[in-house]
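Morning, everyone. Please look at the sequence and the model on the screen, and I will walk you through some of its parts.

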Amino acid sequence: MSETQEHAAGDSVPELKQRVRELEDMLHAFRLRLPNAPAEAMRELAESEERFALAVRGTNDGIWDWDIRTGKVFFSPPWKSMIGYADDEIENAFSTFEKLLHPEDHDRVMAALNDYLAGRTPRYAVEFRFRHKDGSWRWILARGRALRDEHGTPYRMAGSHTDVTERKHDEEELRKARQAAESANSAKSVFLANMSHEIRTPMNGVIGMSELLLGTELNETQREYLEMLKLSADSLLELLNDILDFSKIEAGRMELDAHEFDLNEVVTEIAQAMGIRAFQKHLVLQHHISPEVPTRLIGDDGRLRQILVNLIGNAIKFTHQGSVTIEVTLESTTADLVTLHFKINDTGIGIANDMQDSIFEAFTQAESSTSRRYGGTGLGLAICHDLVALMQGRIWVESQAGKGSTFHFTAAFGRTSGISIKPKSPRIKPVVTAHSSMKVLIVEDGHVNQLVGARMLEKRGHVVTLAANGRQAIEYCGKDAFDAILMDVHMPGINGYEATAKIRQIEQTSGSHVPIIAMTANAMKGDRERCIAAGMDDYISKPLRSAELFQVVEQFARRPALPEAAPAFVDSAPPPPRPQVEPPPFDLAEFRESTGDEKLMRKLVAIFTEDSQKYLRKAEKALAVSKATPLYEAAHSLKGMLGVYSSKQALKLCTELCEYAHAGDLKGAQIMLDQLKKECSLLGDALNASFGPGT
């Protein structure tokens, strides 16, 4: 025998003697229980116990074996060394286990053990802290199985202890790192919100004043300079929006706002808007939607517009001659979802093969010189990539340098229920026109923002009163009645939220309700929701754009023309109020065009009264018991129905009823429902008058 072998054998002698003693003790115990056991059975038992003993020594886990009837417990030497003890330093007793448990973990561990033994849980596995000999605490994972008699009563339980302290430490470090990252993201969101507010506030003056100046008499040079100024400001705002969107996506705060929309309208409006840019470069911009694609879908049309505008804008930017084509086809359908395939094809400069996989990464351009030559941050495609992912789709590109590109993306949308109608013919959505002059209170502490908002509304024919802070706004509301209030959110003293709460409190006794529109430079996710939750009716972000401002304010134009009153400040008297023109209950030409079928049109007229009254009764019932959710559901169903009948006024009132119900404002909802009932009655009479009752 070699020296190494002899040394190894010598070292193993105490271990072998210890194992023999353990086996002899075990065999003796079993002989006492089975005095007349056959020799073969005893030999098999000895072999089994020897294998168990080898398993105990061959694992790093601690093994325990508990005789539940006698209370005796066997703790293997590794079990004891795991917590710093030699084999003879602690007693093999169940009480040892309990004493070593951390006081905060004791009751939880014992409850887990008792639940398992009682059969209330299928397995025993629990983590806890165990006291080490040096006084420190080690994290232990305990697992075990019980043997049960014919009555299901446990009489023996064995298992293992695994030291998971390092894993727990790693988990704690990971938790701290995640918490730090979340704190950093939160701090970044606050910073971005503040940055958005600080940048948008002066931009409101730049863009707003540029727009106002462009509406005055200018010579050719002045107009050229002013248009360049406004173009630069618009580009800066677009850049800011890209950064905010990317940050929201990166922080996991971007969510889709799903609702019903008309795909044909979305694509047509984008094509017509982008067509001006294409025309300036002498390009042909075409679009085609496959006939099998459903017209009405459920999804976030705003984010879909963002993707299409970005991809089409890029196609026009990188194409110097030829054409850009938009194509929409049906990819697949299920019972609930429709997946569409969008293609934007151009005859532009193309993309090199080695860049096609990386262009969807943030801050990446197709060429190093692209940013200097064409502008942009390289965020647009990264945002498109993430928005498409939110829509359960994917985006990719096929391109060849010098021969153009085709950008593909798929997106899933919900199906709509109800009567299908043919898509409307392409048309440009007209700008909203006020039917009457409105009294509008602007609550804003910034002089530039006051000037921009007031001038835009006064040129529109509205009468404007200015309040420099929330306290003044509350005072003015107590003295006069307004058709709408534009409320800045961030003001010194009483801010917009507090002023809104006070005004709503006053309305509790008066029974009135003035629409309050939040006007803020914040543009982060949750800002609109916070404003609605605070009791406001709508939201508009700075910088103000005249078209958007008119649309948001004039949706609340429900009163007859008001007598002219002097605004809080004017350089000259505002133009006289526009005479009120009551719109017809529905647009006959549009209704006929949208259905495209005389028989279907008459069928729709015949069922209008019964169907509309059904939803109106549901809404009345919900209001009677002060239930906002069923009220919203009834109003939402009626809204989908009214859209078929080309009734803008009824649809507008129903939309507002949905908003009141969503905000939980039941008093406002009651007022709106009364108006909606009258409008539906007028619509029913007009439909019957046009097509004859009972048709």
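One term first: buried means under 20% relative accessible area, exposed means over 50%, and partly exposed lies in between, with a 1.4 Å probe and protein chains only. Now the source. This is a predicted model, where local features need pLDDT of at least 70, side-chain atom pairs count only at pLDDT 80 or more, and totals for chains, interfaces and linings use all residues. Residues are numbered from 1 along each chain as its sequence is written, and side-chain values use heavy atoms, with hydrogens and water left out.

Start with strand β14, residues 463-467. Strands here are DSSP runs of E, at least two residues; helices are runs of H or I, at least four residues; both are numbered from the N terminus. How many of the 5 residues of β14 are buried? The count is 5 of 5. Val463, Thr465 and Ala467 point one way, Val464 and Leu466 point the other way, and all are buried.

Who sits beside β14? Strand β13, residues 439-443, pairs with β14 in the parallel sense over 5 bridges. Two strands pair if DSSP finds at least two bridges between them. Leucine 441 has threonine 465 in β14 as its bridge partner. Strand β13 is also joined to β15, residues 484-488, by 4 bridges, and these two run parallel. There, valine 440 has alanine 484 as its bridge partner.

Zoom out. The open sheet has 5 strands in the order β14-β13-β15-β16-β17, with parallel pairing. Its edge strands are β14 and β17 (538-541), and each pairs on one side only. Neighbouring strands are turned by 20° against each other on average, direction ignored. For angles, axes are lines fitted to C-alpha atoms, for helices over the stretch in contact, and values run from 0 to 180 degrees between N-to-C directions.

Helices pack here too. Helix α14, residues 496-510, lies across β15 and β16 (516-520), at about 150° to β15. Helix α16, residues 546-554, touches β13, β15, β16 and β17, and makes about 170° with β17. Contact means heavy atoms within 4.5 Å.

Now the other sheet. It is open, with 5 strands in the order β2-β1-β5-β4-β3 and antiparallel pairing. The edge strands are β2 (73-75) and β3 (124-131). Strand β3 is joined to β4, residues 137-148, by 8 bridges, and they run antiparallel. Arginine 129 has tryptophan 139 in β4 as its bridge partner. Helix α5, residues 103-117, lies across β1, β3, β4 and β5 (154-163), at about 155° to β3.

Next, rings. The structure holds 10 aromatic pairs. Rings of Phe, Tyr and Trp (its six-membered ring) pair if their centres lie within 6.5 Å; planes under 30 degrees apart are stacked, over 60 edge-to-face, and the rest tilted. Tryptophan 66 and phenylalanine 94 are stacked, 4.6 Å centre to centre, with 25° between the planes. Tryptophan 66 lies in β1 (residues 62-67) and phenylalanine 94 in helix α4 (residues 94-100), so the pair ties together parts that are 28 residues apart in sequence. Both are buried.

Last, charges over rings. That needs NZ of Lys or CZ of Arg within 6 Å of the ring centre and within 35 degrees of the ring normal. Lysine 168 lies over the face of tryptophan 139, at 4.4 Å from the ring centre. Arginine 394 has its charged end over the ring of tryptophan 396, 3.8 Å from the centre.
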